[in-house]
Amino acid sequence: MSFLQLEGKKIVVFGVANRKSVAFHIAATLAEAGAELIFSIQKQEAAAVVEKFFPSSKFYLCDFSDDASMRQTVEDIAAKHGTLYGMVHSVAFANYSEGIKAFHDTLRHDFLEAMDISCYSFIRLAGLLKPHMEQDGAMIAVSISTTRMAAESYGFMAPVKAALDSSICFLAKSLSADSRIRVNAVGASLLKTSASAGIPGYIKPYLFAEKATLRKAALKTEEVANVAAFLLSPRASGINAQTLVVDAGMSTNFFDRELVDKVID
Ligand code: NAD
């Protein structure tokens with residue numbers, strides 16, 4: 001048994017779109033640790049990635065905007081795979097088609113849709129999966145490193161992630177009534193994925209974030225995946241209801257000398 005003790009554990013992974021996806025990296029790390037993976041993907045295009053890199057895994061199509069689709073997916077997974085150990089939720093959606101607006105001009109539909117797909121879906125999946133999970137299972141979501149830094153370039157997603165972080169606590173509590181299923185999140189800072197590339201004006205904040213880390217090197221998606229695998233593993237049995245920040249120290253580095261000198265001199 002390896003340190004993470006994940007050998008043979010059945011874990012369902014939501015959110016692989018391509019090889020850059022955070023979910024892809026989490027899955028690769030879990031597979032290396034010996035976990036048995038089951039995938040749920042939104043679009044058929046992602047099937048080729050799963051088939052190529054995880055040939056022994058099954059995948060199921062699921063659209064979080066459709067409750068019937070979520071119910072059917074969980075039912076199909078439970079019928080085929082039996083009791084599961086874990087769940088990875090690495091899904092978010094925000095409609096930025098009109099570009100980033102001033103926050104006070106956020107459209108009701110865009111905000112509610114982002115909340116539905118990126119936050120409520122985790123609550124719903126937790127409820128649907130619970131009867132099919134081991135008593136000592138684990139669930140994780142992928143959140144962001146801070147929801148109190150009002151980055152204009154992120155639009156209304158930070159308040160949605162704040163709701164996700166809070167939901168982690170409420171789920172950990174409610175599941176604890178009759179199970180020991182742990183619920184945590186990885187709070188990742190800026191990464192290079194296709195979702196982030198879709199955020200208007202993302203590249204400059206991304207490059208700035210690299211300079212703002214303590215080590216002056218960008219956060220790697222693999223580093224987020226390592227923490228996700230740890231949080232899922234029995235080795236993290238003492239961690240529950242947490243959002244663990246993975247940002248290479250960026251949040252402590254507001255007064256970085258190099259950056260201050262560049263702005264002030
Ligand atoms: P990604 O585009 O690779 O993954 C997002 C996934 O969400 C895709 O697989 C997509 O199919 C899925 N999805 C969107 N709408 C859906 C729907 N209606 N039903 C089912 N699935 C749907 O991008 P990513 O960067 O890997 O994002 C994964 C998670 O990581 C998200 O929660 C995101 O907020 C979080 N995150 C990303 C960054 C970053 O910088 N990229 C930083 C912190 C957190």
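In which hand does α3 pass α4? I opened the notebook with this one, and the crossing is right-handed. The model I am reading is a predicted one.

**Entry: α3 against α4**

I looked up the two helices by residue range: α3 covers residues 67-81 and α4 covers residues 108-129. Their axes come within 10 Å and cross at roughly 35°. I noted both values because two packed helices are described by the angle between their axes and the distance between the axes. Next I listed the contacts. From α3, the residues are Asp67, Met70, Arg71 and Val74. They meet Ser121, Arg124, Leu125, Leu128 and Leu129 of α4.

**Entry: charges on α3**

Side chains of opposite charge can pair when their charged atoms come close. Asp67 forms a salt bridge with Arg71, with 3.0 Å between the closest N and O atoms. Both residues sit in α3, and since they are four residues apart there, about one helical turn separates them. Arg124 joins Asp67 and Arg71 in a network of salt bridges. I also checked accessibility. Asp67 is at 29% relative accessibility, so I logged it as partly exposed. Arg71 is at 40% and therefore also counts as partly exposed.

**Entry: other salt bridges**

How many salt bridges does the structure hold? I found seven. Apart from the pair in α3, I wrote down two of them.

One is Arg180 with Asp136, where the closest N and O atoms are 2.9 Å apart. This pair links distant parts of the chain, 44 residues apart: Arg180 is in the loop between α5 and β6 (182-188), and Asp136 is in strand β5. Arg180 counts as exposed because its relative accessibility is 62%. Asp136, at 44%, counts as partly exposed.

The other is Glu223 with Arg215, with the closest N and O atoms 2.8 Å apart. Glu223 has 24% relative accessibility and so counts as partly exposed.

**Entry: α1**

Is helix α1 largely enclosed or open? I counted by residue: eight of the 11 residues in α1 (residues 22-32) are buried, so the helix is largely enclosed by the rest of the structure. The buried ones are Val22, Ala23, Phe24, His25, Ile26, Ala27, Thr29 and Leu30. I then looked up what covers them. The cover includes the strands β1 (10-14), β2 (36-41), β4 (84-89) and β5, together with the helices α2 (45-53) and α8 (221-232). After α1 comes Gly34, and its phi is positive, near 95°.

**Entry: a nonpolar patch**

I searched the surface for nonpolar side chains and found a patch of about 720 Å². Its residues are Met149, Phe254, Phe255, Val260, Val263 and Ile264. I followed up on Met149, which lies in the loop between β5 (133-144) and α5 (157-175).

**Entry: Ser179**

Last, I looked at Ser179. Like Arg180, Ser179 lies in the loop between α5 and β6. Is Ser179 buried or exposed? Its relative accessible area is 8%, which means it is buried. I also took its distance to Leu259: the two C-alpha atoms are 48 Å apart in space, and the residues are 80 apart in sequence.

Conventions
Residues are numbered from 1 along each chain as its sequence is written. This is a predicted model: local features need pLDDT of at least 70, side-chain atom pairs count only at pLDDT 80 or more; totals for chains, interfaces and linings use all residues. Side-chain values use heavy atoms; hydrogens and water are left out. Patches are made of residues with over 30% relative accessible area and no salt bridge: like charges are joined within 9 Å, nonpolar side chains (Val, Leu, Ile, Met, Phe, Trp, Tyr) within 5 Å. Accessible areas come from the Shrake-Rupley method with a 1.4 Å probe; for residues, only the protein chains shown count as cover. A salt bridge is a side-chain nitrogen of Lys or Arg within 4 Å of a carboxyl oxygen of Asp or Glu. Axes are lines fitted to C-alpha atoms, for helices over the stretch in contact, and angles run from 0 to 180 degrees between N-to-C directions. A crossing is left-handed if the near helix is turned anticlockwise from the far one by less than a right angle, and right-handed if clockwise. Contact means heavy atoms within 4.5 Å. Buried means under 20% relative accessible area, exposed over 50%, partly exposed in between (1.4 Å probe, protein chains only).
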